[in-house]
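Me: I'm new to reading protein structures. Could you walk me through how to look at domains and packed helices?

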Amino acid sequence: MKYEVLKLLSQNAKYSPEDISTMLGITEAEVVDIISELEKDNVIRGYKAVIDWEKLDGAYVSAIVELNVVPKAGLGFEEVAEKIMKYREVEAVYLMSGDYDLNIIVKGKTLQDIAWFVAKELATIDSVTSTATHFVMRRYKDMDVELITGVNDDRGQLFV
Amino acid sequence: MIDYGKVLNKTVTDIKPSGIRKFFDIAATMDDVISLGVGEPDFQTPWSIRKAGIESLQRGKTKYTSNWGLIELRREISNYLERKFSVKYCPENEILVTVGGSEAIDMALRALINYGDEVIIPQPSYVCYEPITRIAGGVPVIVNTKAENDFKITAEELRSVITDKTKVLILPYPSNPTGAIMEKEDLLEIAKVLDGTDIMVLSDEIYAELTFSGKPHVSPASLEGFFERTITVNGFSKAFSMTGWRLGFACGPKPVIDEITKIHQFAIMSSPTTSQYAAIEALKNCDEDVKYMLKQYNMRRRMIVAGFNKIGLTCREPKGAFYAFPSIQSTGMTSEEFCEKLLYSKKVAVVPGTAFGESGEGFIRASYCYSVEHIKEALSRIEEFLKEIK
């Protein structure tokens with residue numbers, strides 16, 4: 001049931017325990033227990049709104065920054081990753097397989113903000129050997145939510 | 001000037017156009033209507049099925065098929081029915097691929113009915129059986145099933161309407177609009193009544209995949225006493241979310257399917273080729289997709305049933321299909337009144353139970369082929385409506 005509860009919450013964090021209990025056919029108390037356990041175990045790390053920032057003019061710019069890093073003996077990528085994730089501008093940090101090492105999602109108010117941040121903060125970290133910055137031009141889908149207008153309900157109003 | 005009233009077929013002109021049509025037309029002209037009216041899945045046809053259709057077109061499979069339908073497809077239908085519902089039909093001569101389940105129903109009734117033959121139709125039920133029976137020259141005999149029997153047809157009800165003119169019993173389960181299903185025991189009781197008669201059974205099992213008790217749907221033809229008298233109708237629309245592909249099938253004993261195929265051959269030639277190729281993929285590889293959709297429907301079903309009961313509209317648990325059928329008797333309104341007022345005051349479209357027969361009076365049909373959020377919004381509007389009319 002844990003998995004089922006998580007799946008529903010990942011679709012809509014605003015589902016109440018009552019909604020979830022109805023949908024899954026279990027009691028509300030069970031749902032409350034499952035959720036608090038998942039919160040306690042840090043499986044659920046938070047509840048946030050999915051926001052379409054593009055609706056607000058100039059409110060939000062983001063970029064994906066690819067970093068190549070020289071790993072530290074004994075620490076691997078942890079040290080640099082931990083340093084980078086502390087920045088307010090950094091939304092996500094992933095260690096990647098393939099052509100580069102760290103994938104950083106950076107947000108800022110303007111392109112300029114991000115450019116400065118990469119040049120001054122990320123590029124100057126000792127173990128970082130190169131950076132490549134890709135600005136996000138448009139978000140079509142984010143956090144599993146379609147941000148551009150989806151397909152309308154085009155079912156014929158047939159009487160069946 | 002031609003007097004069309006005189007030239008047109010009287011049986012046809014006597015069929016009343018569905019009142020619902022008008023109702024939906026009104027809804028269509030209004031903005032922000034939130035509908036629980038549509039009786040078709042909101043899921044897209046699973047991609048692998050669409051791809052199989054596209055690939056068949058790329059390979060140039062654009063000709064007629066055999067009248068019966070592609071033999072590969074009939075083999076898959078045969079496997080599928082055996083795998084899912086333990087009923088065995090021979091792909092060579094006991095299965096006909098049709099244009100939706102609807103065509104299968106039409107052809108089957110036309111193949112069976114002689115002028116004046118009686119056709120027993122349990123109601124509330126889907127709207128096509130009565131007009132098709134009339135057009136085929138038959139006489140509809142309505143059985144008004146009861147809420148307290150979970151809208152199942154009972155052996156006594158059946159016995160009481162059988163005459164020497166009875167030709168066909170229609171078993172429309174899982175039921176649109178009531179969500180009723182017939183369990184094995186229920187069917188065995190029916191079999192006892194039919195035993196020793198020549199009464200044929202038309203079992204419309206288009207919602208067979210959509211049952212929620214965890215037990216699979218019981219296909220009458222899988223039970224003793226039914227096979228020889230049963231025409232099983234099913235299709236791809238509801239289970240595989242393939243409504244627009246227009247593909248279904250009729251299965252039955254060879255002598256019956258032979259005659260049905262004769263009509264099909266003249267009226268239709270063969271079912272849509274692209275759809276047939278897509279359907280092969282559906283039966284071969286899409287069990288997981290069906291399971292996924294069933295799970296979603298089940299969550300919505302629980303949501304809508306709990307919701308109706310909570311706001312004071314008593315709603316039995318629908319065991320199959322994708323409709324809730326709550327009672328609105330507590331409002332003191334007729335079904336049509338309720339639906340019309342609800343539409344105008346809260347812009348929620350549901351279907352009056354009377355659209356499915358007189359015995360649907362006092363009920364409304366609400367489809368749950370919608371997202372949970374959509375269903376919640378509709379329920380909260382209905383709740384407001386109920387408060388205002390108090």
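Reply: Happy to! Domain bounds come from an automatic or database domain assignment. This is a predicted model, and in chain B the assignment gives domain 1 (4-45 + 288-389) and domain 2 (47-285).

Me: How far apart do the C-alpha centres of domain 1 and domain 2 of chain B lie?

Reply: Those centres are 24 Å apart. Where the two domains of chain B touch, domain 1 gives 33 residues and domain 2 gives 35 residues. On the domain 1 side, α12(B) provides the largest share, six residues. By class, that side of domain 1 of chain B has 16 nonpolar, eleven polar and six charged residues.

Me: And which domains does chain A have?

Reply: Chain A is split into domain 1 (2-40) and domain 2 (55-141), with 34 Å between their C-alpha centres. Chain A also meets chain B: seven residues of chain A and 14 residues of chain B take part.

Me: Now the helices. How do I describe a packed pair?

Reply: Two packed helices are described by the angle between their axes and the distance between the axes. Take α5 (residues 71-85) and α11 (residues 273-285) of chain B: their axes come within 9 Å and cross at roughly 30°.

Me: Are α5(B) and α11(B) roughly parallel or roughly antiparallel?

Reply: Angles under 35 degrees count as roughly parallel, so α5(B) and α11(B) are roughly parallel to each other. Their crossing is left-handed. Residues in this contact include Leu73(B) and Ile77(B) from α5(B), and Ile280(B) and Leu283(B) from α11(B). By class, the contact has six nonpolar, one polar and three charged residues.

Definitions and conventions
Residues are numbered from 1 along each chain as its sequence is written. Chains are lettered from A and ligands numbered from 1 in the order in which they are written. This is a predicted model: local features need pLDDT of at least 70, side-chain atom pairs count only at pLDDT 80 or more; totals for chains, interfaces and linings use all residues. Axes are lines fitted to C-alpha atoms, for helices over the stretch in contact, and angles run from 0 to 180 degrees between N-to-C directions. Helices (H or I, at least four residues) and strands (E, at least two) are DSSP runs, numbered from the N terminus. Angles under 35 degrees count as roughly parallel, over 145 as roughly antiparallel, 65 to 115 as roughly perpendicular and the rest as oblique. A crossing is left-handed if the near helix is turned anticlockwise from the far one by less than a right angle, and right-handed if clockwise. Ala, Val, Leu, Ile, Met, Phe, Trp, Tyr, Cys and Pro count as nonpolar, Asp, Glu, Lys and Arg as charged, and the others, Gly among them, as polar.
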